[in-house]
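This briefing sets out the fold, the nonpolar cores and the charged pairs of one protein. Please read it alongside the sequence and the coordinates.

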Amino acid sequence: MPGGPVGTASHDEFRDFVAARRPTLLRAALLLTADRTEAEDLLQAALAKTYLAWDRIKDRAALDGYVRRAMVNINISWWRRRRLEEYPTDEMPDTPVADHTDRSELRDALDRLLDRLPARQRAYIVLRYFDDLTEAEIAEALGVSVGTVKSTVSRAMAKLREDADEEFAALE
């Protein structure tokens, strides 16, 4: 039945897909919502839609794109719904607005630290820690040995630690 529950084998395949891709998809949801709780809700809703359509998705290589597209569409729907629920008023609310300057200063400092790295080391760090790839996956993607990945990441992290001592000492 279209749009209905998936079979047992497909259920296991879907569970494996979610286990493998959840961190990456959650990062995409965070970029869409800028809020961890909303991002988790958004990813959950997109995965629910994907689960219902699982047997209709023939190209398994396109699953990430399918989930991301679902997240974008759901987020737009939520945004439109929220927009209709918010009404302008002449009175200002009494609740204070959170100050995120510390977080943005840390982000700026991190960006400056990454910019100091050579392009190759920066790429390895981004793939390892931001894209959450394993050393073997990075080695395969870049056509190098796992040892090269390990040594490059190690040197990059040592440089980041050294530069971070200077950078964060200036922030304090």
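The secondary structure of this protein consists of seven helices and zero strands. The model is predicted. Read from the N terminus, the order of elements is α-α-α-α-α-α-α.

**Overall architecture**

- Of the 172 residues in the protein, 27% count as buried.
- Among contacts with a separation of 6 or more, 65% are made by residues 24 or more positions apart.

**The largest nonpolar core**

- In soluble globular proteins, nonpolar side chains tend to be buried together.
- The largest nonpolar core in this model holds 20 residues, of which F17, L43, L47, V67 and M71 touch the most other members.
- At least two residues of this core come from each of helix 1 (8-33), helix 2 (36-53) and helix 3 (63-85).
- Helix 1 makes the greatest contribution to the core, with seven residues.
- When residues up to four places away in sequence are not counted, M71 touches L25, A28, A29, L32, L42, L43 and A46.

- A separate, second core comprises 13 residues, including Y124, L127, V149 and L160.
- I125 is located in helix 5, which spans residues 119-130.
- The relative accessibility of I125 is 2%, so this residue counts as buried.
- With neighbours within four places in sequence left aside, the contacts of I125 are L114, L117, F130, V153, A156, M157 and L160.

**Salt bridges**

- Side chains of opposite charge can pair when their charged atoms come close.
- A search of the whole structure identifies six salt bridges; three of them are described below, by pair.

*R15 and D12*

- The side chains of R15 and D12 form a salt bridge with an N to O distance of 3.2 Å.
- R15 and D12 are separated by about one helical turn because they lie three residues apart in helix 1.
- R15 is partly exposed, at 46% relative accessibility, and D12 is also partly exposed, with a relative accessible area of 30%.

*R21 and D64*

- A salt bridge joins the side chains of R21 and D64, with 2.6 Å from N to O.
- Because R21 belongs to helix 1 and D64 to helix 3, this pair ties together parts that are 43 residues apart in sequence.
- R21 has a relative accessible area of 26% and is therefore partly exposed, whereas D64, at 18% relative accessibility, counts as buried.

*K159 and D163*

- K159 and D163 form a salt bridge in which the closest N and O atoms are 3.0 Å apart.
- Both residues of the K159 and D163 pair lie in helix 7 (residues 146-171), where they are four residues apart, about one turn of the helix.
- K159 is partly exposed, with a relative accessible area of 29%, while D163 counts as buried at 5% relative accessibility.

Key
Residues are numbered from 1 along each chain as its sequence is written. This is a predicted model: local features need pLDDT of at least 70, side-chain atom pairs count only at pLDDT 80 or more; totals for chains, interfaces and linings use all residues. Side-chain values use heavy atoms; hydrogens and water are left out. A nonpolar core is a set of buried Ala, Val, Leu, Ile, Met, Phe, Trp, Tyr and Cys residues joined through side-chain atoms within 4.5 Å. Buried means under 20% relative accessible area, exposed over 50%, partly exposed in between (1.4 Å probe, protein chains only). Contact means heavy atoms within 4.5 Å. A salt bridge is a side-chain nitrogen of Lys or Arg within 4 Å of a carboxyl oxygen of Asp or Glu.
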